Amino acid sequence: MGKRLSLAIVALVALAMLACSLTGGPTEEETAEATQPPPTERPAETSTSPAEPDEEEMEGEEETDSLLRAADGMEMVHIPAGEFLMGNDKAPVPTQRPEHVVYLDAYWVDRLEVSNAQYRLCVEAGVCSEPRSWKDVNFNGDQQPAIVVWDDADAYCAWVGGRLPTEAEWEKAARGTDGRTWVWGNTFEGTPANLSGEADGYGFTAPVGSFPSDVSPYGVLDMAGNAAEWASDWWDEDYYVSSPDRNPTGPASGEMKVHRAPIAHAGGGPAKSTCTVRYAARPSEMYGFRCVSTTAPAQETPPSSSDESPDVSGEEGEAGEGDEGSGGSTAEGWPPLQSYRIRTVMTLPEEDVPEDAEGPVEQVSIFEWSGAEPASRMVVACLEEVTVGDTRWTKMRDNPWSEETLTAEEQAAWEQQWGFAQFWGMDEDLAAALPDGVAMVPGQIFPTAVKAAMVPDGEETVNGVRCRRYTVDADLDYTNELGHTTGHAQGTIWVADQEGIPPVVVRALMDEDLAIDGEPRHPSWEHNITDINQPVSIETPE
């Protein structure tokens, strides 16, 4: 049975095929549920929606665009012009009162907090100062947020062509236009953000974007927790009493600056992580930050200190001390994917379909992962599997769900596998076969022979991720666990080339004219990963 499989079929798919017909795919309902937007468009739900919002909470929200900033590769989100509700009349302290309607012109804001790796570019350019936090192993991981004094945060934003956000800009990006209490809505449950010491899996700051549920209506991450963030405004506890209703910029002078969001390692909670809470600090203190711009960022290749991908293995390991499961990193130093959806469609010509097969010649495979719970979902042929925490449910065809409890070792292995999208394995001699500059982590969908035939063909943003584009047009002759394969493969492969994302195959379009142990096979297939590090909701089976 295995010899009928395309090169794209993963080990999990092969196992499912032992119990199912090759062409027996998910039901129409399952396929429709997992259908993704066109591959070159960003899924609307990931760029504008909080995790599992109520309809009332989302009323009035708009779709947003995103672009990559040239100077540091940061993804920036467009916030449209318009009014929003600022402040909170029910707040226990007067600094958040009174509520007032503010109009802001359109602007762009960083989707993530600026990371140490990004900030290092500014230090190497001689513009920014090296922060004291880099001497502290609790804060100096490449993917952790940069913790700096106000002047250096201000200098960095100017260096990348922007500025620090005003209080009003920060609050609108966090709150949206419906007056919600927290970035995700009006209910505080579980550990939705990096707030309270080790209770949420991180004793200090986490790698940026580690909490997919800490996402604003505009898709901006880490605005309720992780690092406290500098604003451009001087502090005035009574500013709201007399602040202008259009584009307020804060008092003209002062002794302290505003910062927003609580300090994660100092302990936070519902009251400290609302969209409206305000804090004051001397400019010489050290906090995180993100930048804004009134003009769209140019989409160009960001500068780097070398031609190689950053090696964050040492520092990232220190930053993740005490982390478990999806909070770790690979031996190569790449962070895991916090969430994603994969949809692979394999189409077989009619001559390749077994005579006794029923159903279409199109095989749809669906994989979903959410590191926040953590949870995963897989639908392959007639097999569906859902895992949440240490519980796994499995269903074959129309049979009832079966339930099992994973051991601690099984759960750890599952979290690592899904966190890095490890479905296809990697040959031991992969490194020697890859072209220069192609550094793939385990979990790709091609045998070494195909990977070695990849030819660089430019750069492109696909499924919201900056990618290297490769073409394949090669004759093949190799032997692996499926047998001896000969023939020809051609297509296009897009590999992630964006900070914070391992170099997974984000999209692939392939046509194969093969013979496996002499038996002809002519599959074509399309593979897409979407919703990378964005909110993904996985339901527990009823």
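In which sense do strand E10 and E11 pair, and over how many bridges? Strand E10 (residues 339-347) and E11 pair in the antiparallel sense, over 9 bridges. Here two strands pair if DSSP finds at least two bridges between them, and the labels follow DSSP runs numbered from the N terminus: helices are H or I with at least four residues, strands are E with at least two.

Before we walk on, a word about the model. It is predicted, with residues numbered from 1 along each chain as its sequence is written, and local features need pLDDT of at least 70. Side-chain atom pairs count only at pLDDT 80 or more, while totals for chains, interfaces and linings use all residues, and side-chain values use heavy atoms, leaving out hydrogens and water.

Let us start with the whole chain. It has 12 helices and 21 strands. Of its 542 residues, 56% count as buried, where buried means under 20% relative accessible area, exposed over 50%, and partly exposed in between (1.4 Å probe, protein chains only). The chain exposes about 22200 Å², and carbon and sulfur atoms supply 47% of that area; accessible areas come from the Shrake-Rupley method with a 1.4 Å probe, and for residues only the protein chains shown count as cover. Among contacts in the chain with a separation of 6 or more, 67% are between residues 24 or more positions apart, a contact being heavy atoms within 4.5 Å.

Now back to strand E11, which spans residues 362-370. This strand is mostly covered, with 8 of its 9 residues buried. E11 and E12 form a hairpin, with 4 residues between them. As background for viewing these strands, side chains in a regular strand alternate between the two faces of the sheet.

The structure holds 2 disulfides, each a pair of cysteine sulfur atoms within 2.5 Å. One joins Cys-122 to Cys-128, with an S to S distance of 2.0 Å. The torsion about its S-S bond is about 70°, so this disulfide is right-handed. Cys-122 counts as buried because its relative accessibility is 0%, and Cys-128 counts as buried because its value is 7%.

The other disulfide joins Cys-157 to Cys-291 (S to S 2.1 Å). With -85° about the S-S bond, this link is left-handed. The pair links distant parts of the chain, 134 residues apart: Cys-157 sits in helix H6 (residues 150-159), and Cys-291 in the loop between strand E8 (279-281) and strand E9 (292-293). Both Cys-157 and Cys-291 are buried. Cys-275 is buried as well, because its relative accessible area is 1%.

Finally, look inside. A nonpolar core is a set of buried Ala, Val, Leu, Ile, Met, Phe, Trp, Tyr and Cys residues joined through side-chain atoms within 4.5 Å. The largest such core has 26 residues, and Ile-79, Tyr-107, Val-109, Val-183 and Met-223 touch the most other members. Elements that each supply at least two residues of this core include strand E2 (75-79), strand E5 (107-110) and helix H7 (167-175). The largest share, 4 residues, comes from H7. A second, separate core of 24 residues includes Val-114, Cys-122, Trp-150 and Phe-289.
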